[in-house]
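Here is a friendly briefing to read alongside the sequence and the 3D view.

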Amino acid sequence: MTTRIPARFQKCAAEGRPALVTYTMAGDPDLATAQAILEALPASGADIIELGMPFSDPMADGPGVQAAGQRALAAGQTMRKTLAMVEAFRRKDQDTPIVLMGYYNPIYIFGIDAFLAAAKAAGVDGLIVVDLPPEEDDELCLPALKAGINFIRLATPTTDDARLPAVLANTSGFVYYVSMTGITGASIKNHDAVGAAVTRIKGHTDLPVVVGFGIKTADDAARMGRDSDGIAVGTAICNAVLGSLENGKATAGTVAAVTTLVAGLSSGVKRAKAAA
Amino acid sequence: MTATGANSLRNGPDEQGRFGLYGGRFVAETLMPLILDLEKAYRAAQADPEFQAQIKHLATHYVGRPSPLYFAERLTEHLGGAKVYFKREELNHTGSHKINNTLGQILLAKRMGKTRISAETGAGQHGVATATVCAKFDLPCVVFMGATDVERQYPNVLRMKMLGAEVRPVTAGAGTLKDAMNEALRDWVTNVETTYYLIGTAAGPHPYPEMVRNFQSVIGEEIKAQMRDETGKLPDAVVACVGGGSNAIGTFHAFLDDSSVKLYGAEAGGHGIEVDNGHAASMTGGRPGVLHGNRTYLLQDADGQILEGHSISAGLDYPGVGPEHSYLHDTRRVTYAPITDKEALEAFQLCTKLEGIIPALESAHGLAQLMKVAPTMQKDETIVLCLSGRGDKDVESVGRYLGMNS
């Protein structure tokens, strides 16, 4: 399988730094603004883009991402519109990998085969589906691999050495290490433990390991990027969107609020290895 | 004896936790190792005579089992059809069937060495039953409850607090059971090492649907034995209300292979099944999807977003249903039918006036279904309702609906 993901990690590694993986919610705060944010991300320093598929019941997300999803749904976001965002992005950018991230039900209702065909055609490189553990691989993971789309698995502090092989078995693209037992946007309490966990996972796989959950600032990015191949930031970006709104609507400052934050995070990953 | 051959409907779930298409383990990786541990611990407990003896002892001396089977004479006369019996689960300690499950699970939590209990609740009956066993077994307890439900079931909030539980109102969404369950799952992901999540209904990821069903199956087993003593035969029909469906599956399970026994589940029809998002009848008005760890019938829009639903009854106000019910719906072994708010209120009043029993609004849905079926049956036939809870918690809100508070 060839997606844009391995090439992008190689490029970052050649530059001697971890990749910056940014998460934005499709359709937040409205479709046009979300599209503008998406298209501004690569120039601001995002190496890989996670595009959130909004869901009414995001059980693993904290208030920041929950609210972003609710804004998107209130603005009328649908799965078709999310896929169309990727398609439009691809007309301008052929290289930056896009990973769709969310929950299973909207995909299940769209229809597995129809979704995978549409996602591949739109230029999606990978999927992260929070509520599909390896025990449910027949549902989407295996069909996605067959369709040429990476299925990126979450590994967590509760994934011990005995379980890691099962988690890594059908994982491709990269491994997303969840820095804590908790929901998105919570705070990392033990940074050293995260580094040790990344090292442990790398002992089991050649795939790049990205650390996410709880990374908010350039300093966090620099610190967490030391041991990993990439860092993922989501809640901070959703909160930046929120902070730019007036009466719940986008303002002239909304796109800039995101690009400024991402540029700062990018400076963080650039000094991650240098500081090591 | 009941057949348990290859064609038995009582064999589910399979090793993947599936009842046909339904069930499964659709949870975040953080929870997956714990769910596998839970299954192991539950299998060990099932095989341990000491565990079974503990449950039996507490059921007798703490809960008050067996609960009586009561011949509702005036209601039978009023309906003019089959003889009507109530399985009096509302007489259990804490006032509903919920304690059957919380006792079993708290003993399991103890065996697993967990030090903190969390739960979600709709009507508050499960919250009270959880707070009760936490008081008895000296474990800290956090109950997540939708803010709307906190308001409409306030007596139960006070009971939980007095029992020492912390009640966390959930304001997300419509502030009902679905939102409480989301928040309970977020809490569990955060506190997975210490916390036992004590699910109140026969839903969620495997092994919860199976485990909760087994703890509740005592209801149907007792009905079977009590009817044999009373009439010398099986009942002709059995009725229960279905939200998540724990009292219903506990009532039905013993009868699944007895094909002469007709089984009826009453879903929450709210303002009417034809009203968009105005009901909580997931099987009559929804379609299969994945939420809260399992695949099951769900109320959802064309894009797979979950709807809030509506019911006058906080305990039935949930957009999903336990996966085994979805399976029994597809196989048509159980007939699921919607009961409107209005029909439930009428049944609530009739039961109160004719039998001197104030039923929970949830159970009143089952009664309304019984009131449709019993008159079509012969006078020498019998029909049993699982009277799953008492209505003390509902008197304030029913009084308001009936204009009695002014």
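Predicted model: local features only at pLDDT ≥ 70, side-chain atom pairs only at ≥ 80, totals over all residues.

In chain B, strand S10 (residues 262–270) and strand S13 run parallel and are joined by seven bridges. Residues are numbered from 1 along each chain as its sequence is written, and chains are lettered from A and ligands numbered from 1 in the order in which they are written.

**Chain B as a whole**

- Chain B holds 16 helices and 14 strands.
- Its radius of gyration (taken over C-alpha atoms) is 19 Å, close to the 22 Å that the globule rule gives for 406 residues, so chain B is as compact as a globular protein of that length; the rule itself is 2.2 Å times the number of residues to the power 0.38.
- The C-alpha trace of chain B spans about 55 × 55 × 45 Å along its principal axes.
- Of the 406 residues in chain B, 61% are buried.
- Among contacts in chain B between residues at least 6 apart in sequence, 75% join residues at least 24 apart; a contact means that the C-beta atoms of two residues, placed from the backbone, lie within 7 Å.

**The two domains of chain B**

- The domain assignment gives domain 1 (18–60 + 98–212) and domain 2 (64–95 + 217–401) of chain B, with bounds that come from an automatic or database assignment.
- Their C-alpha centres lie 22 Å apart.
- Where they meet, 41 residues of domain 1 of chain B are in contact with 40 residues of domain 2 of chain B.
- On the domain 1 side, the largest share, five residues, comes from S2(B).
- By class, that side of domain 1 of chain B has 19 nonpolar, 17 polar and five charged residues; Ala, Val, Leu, Ile, Met, Phe, Trp, Tyr, Cys and Pro count as nonpolar, Asp, Glu, Lys and Arg as charged, and the others, Gly among them, as polar.

**Where chain B meets chain A**

- Contacts link 27 residues of chain B with 34 residues of chain A.
- Strand S2 (22–26), helix H1 (32–46), helix H8 (177–190) and strand S11 (287–291) of chain B each give two or more residues to the side that touches chain A.
- H8(B) gives the largest share of that side, six residues.
- The side of chain B that touches chain A has 13 nonpolar, eight polar and six charged residues.

**Ala28 of chain B**

- Ala28(B) sits in the loop between S2 and H1 of chain B.
- Ala28(B) counts as buried because it has 25 C-beta neighbours inside 10 Å.
- Leaving aside neighbours within four places in sequence, Ala28(B) is in contact with Ala60(A), Val130(A), Asp131(A) and Val189(B).
- Gly293(B) is 265 residues away from Ala28(B) along the chain, and their C-alpha atoms are separated by 8.7 Å.

- Nine strands of chain A form an open sheet with parallel pairing, in the order S5-S4-S3-S2-S1-S9-S8-S7-S6.
- Its edge strands are S5 (150–151) and S6 (153–155) of chain A, each pairing on one side only.
- Strand S4 (residues 126–129) of chain A pairs with S5(A) in the parallel sense over two bridges, and Leu127(A) stands opposite Phe151(A) in S5(A).
- Leu145(A) lies in helix H7 (residues 141–146) of chain A and touches Met1(A), Phe151(A), Asn170(A) and Ser172(A), not counting residues up to four places away in sequence.
- With 17 other C-beta atoms within 10 Å, Leu145(A) is partly exposed.

Methods
Pairing = 2+ DSSP bridges. Helix = DSSP H or I, 4+ residues; strand = E, 2+ residues; numbered from the N terminus. Buried ≥ 20, exposed ≤ 12 C-beta atoms within 10 Å, placed from the backbone.
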